[in-house]
Amino acid sequence: ATVLVTGANGYIGLWVVLELLVRGYIVRGAVRSASKVDVLAELVARKQPEARHRFKGYVVPDITAPGAFDEAVKGADGVVHTASPVSPPVDDPEAFIKPAVEGTVGILGSALKTDVRRIVVVSSIAAIASGTVASPGVYTEEQWNDQAIRTVQEQGKDAPRIIKYNASKALAERAAWAFLEEHKAEAKFDLCMINPSWVFGPMADDTLPSPSALPATPSHFYNMIFAADRPAALSDREPQCLNYVDVRDVTEMLIRALEVPEAGGERIVANTQAVKWEEWLLANQELKLLPSLETVDPATAKQLPPHVFYANDKSKRIFGIELRTVRDTFKDTVEDFKSRGWLK
Ligand code: NDP
């Protein structure tokens, strides 16, 4: 089968490309420029030499252009759509919202004219509730972050960046479900939304020159735990408590979402647990990895303040995946960063 992955050079996208190749798929990777196609093709050839002939790069310069994905999607059986602004250079709400919404609806529109059977979109827990402002409690796939959409409508440019991002994810997801509803008579495909929490874990891209080149979430992980200039006090590391999932588990879920019939028509949270920075440091201590990091009290490291938790029962039921633990993710991330010479 042939799968188109958008945002193929991104943190999650690249893991999905490589893992699909391992599993025998024919893979198309959409990125924004010819030079990015070249870099990606070289990376694929280096990491999956056997599979290089099953990979092809596509240039989609502007995902908001009408028919942008027509060529890339023609002849594909499935799509994993990851391309969406995570940290755009400008702070205008439209810099988040327009590519998120129009890119997602655009790929559905391009797929209408084809035999694509399933489209998997990377949404986010951000489309369910904003972890930074929602009341503590358990949140599920039944909930929608309309609060973030309202905040951006009211505050525009002045809304916090994270809320603009959250609104973009909620609006893109809503637009995708609405588009499919509107075109259900013609669409040969169904849709699955995977809603990950904060994604951490090792990088598939072996060319990153330095920690400053890390994508947004692994960069935050690095800055809060390893960077020389990390806040000295744990209480100054934000957010105090977050929900996380390992990038390789997200990858597994995105691929199963293409394959498992029951995933069709569903939105599915991808989340391991709520965690505070201290628990990562406890993992370090127990695994005796980096003596230079702070020591913490094992009695309190896993005690969480009142917090938001995104329920993962549905993903467990549909995918049955054994999720990696904080210890697994920490160990593999440290090994990865060490192999790049970023940690000693
Ligand atoms: P990355 O920044 O590594 O990847 C983002 C990808 O999207 C890149 O390929 C990037 O291309 C592309 N992209 C960004 N903006 C645009 C745009 N305006 N037009 C076209 N392409 C664009 O981040 P992740 O891999 O972490 O994110 C991938 C997806 O996962 C996103 O949809 C994000 O919202 C979602 N997500 C991520 C989570 C996380 O914790 N990391 C959690 C939940 C959801 P380029 O390299 O050219 O900029």
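## Surroundings of the ligand

In this predicted model, helix 1, strand 8 (198–200) and helix 7 each supply at least two residues of the shell around the ligand. Helix 1 accounts for the largest share of that shell, with 3 residues. The shell comprises 24 residues, of which Gly-7, Gly-10, Ser-84, Pro-99 and Pro-215 come nearest to the ligand. By residue class, the shell around the ligand divides into 14 nonpolar, 8 polar and 2 charged residues.

Helix 1, which spans residues 11–22, has 12 residues and reaches 17 Å from its first C-alpha to its last, a span close to the 16 Å expected at 1.5 Å a residue. Because 10 of its 12 residues are buried, helix 1 is largely enclosed by the rest of the structure. The buried positions in helix 1 are Tyr-11, Ile-12, Gly-13, Leu-14, Trp-15, Val-16, Val-17, Leu-18, Leu-20 and Leu-21. After helix 1 comes Gly-24, a residue whose phi is positive, near 95°.

The largest nonpolar core has 97 residues, and those with the most contacts inside it are Val-3, Val-17, Val-79, Val-120, Ile-194 and Leu-254. Helix 1 gives the most to this core, contributing 9 residues. For Val-79, when residues up to four places away in sequence are not counted, the residues touched are Val-3, Leu-4, Val-73, Ile-107, Ala-111, Val-116, Ile-119 and Val-120.

## The annotated domain

The UniProt record, in an unreviewed entry, places the feature "domain: NAD-dependent epimerase/dehydratase" at residues 3–266.

Ile-225 is placed in helix 7, which covers residues 216–225, and counts as buried because 22 C-beta neighbours lie inside 10 Å. Leaving aside neighbours within four places in sequence, Ile-225 is in contact with Arg-230, Trp-277 and Trp-280. Ile-225 and Thr-325, which are 100 residues apart in sequence, are 17 Å apart in space, C-alpha to C-alpha.

The loop between helix 7 and strand 9 contains Pro-231, a residue that counts as partly exposed because it has 13 C-beta neighbours inside 10 Å. Not counting residues up to four places away in sequence, Pro-231 touches Asp-236 and Arg-237. Pro-239 also lies in the loop between helix 7 and strand 9 (241–246), and a cis peptide bond, with omega about -20°, joins Glu-238 and Pro-239. Most peptide bonds are trans, and most residues other than glycine have a negative phi.

Lys-288 is found in the loop between helix 9 (277–287) and strand 12 (308–310). With 7 other C-beta atoms within 10 Å, Lys-288 is exposed.

Ala-51 lies in the loop between helix 2 (34–47) and strand 3 (55–59), and, although it is a loop residue, Ala-51 counts as buried, with 20 C-beta neighbours inside 10 Å. The threshold for a buried residue is 20 or more such neighbours, so Ala-51, with 20, meets it. The C-alpha atoms of Ala-51 and Val-27, which are 24 residues apart along the chain, are separated by 9.5 Å.

Gly-75 is placed in the loop between helix 3 (70–73) and strand 4 (78–81), and is partly exposed, with 13 other C-beta atoms within 10 Å. Gly-75 and Leu-293 are 218 residues apart along the chain, and their C-alpha atoms are separated by 51 Å.

Terms used. Residues numbered from 1 in each chain as written. Predicted model: local features only at pLDDT ≥ 70, side-chain atom pairs only at ≥ 80, totals over all residues. Helix = DSSP H or I, 4+ residues; strand = E, 2+ residues; numbered from the N terminus. Contact = placed C-beta atoms within 7 Å. Core = buried A, V, L, I, M, F, W, Y, C linked by C-beta atoms within 7 Å. Near = placed C-beta within 6 Å. Nonpolar A, V, L, I, M, F, W, Y, C, P; charged D, E, K, R; others polar. Expected span 1.5 Å × (residues − 1). UniProt positions renumbered as here; feature names shortened; annotations may be inferred.
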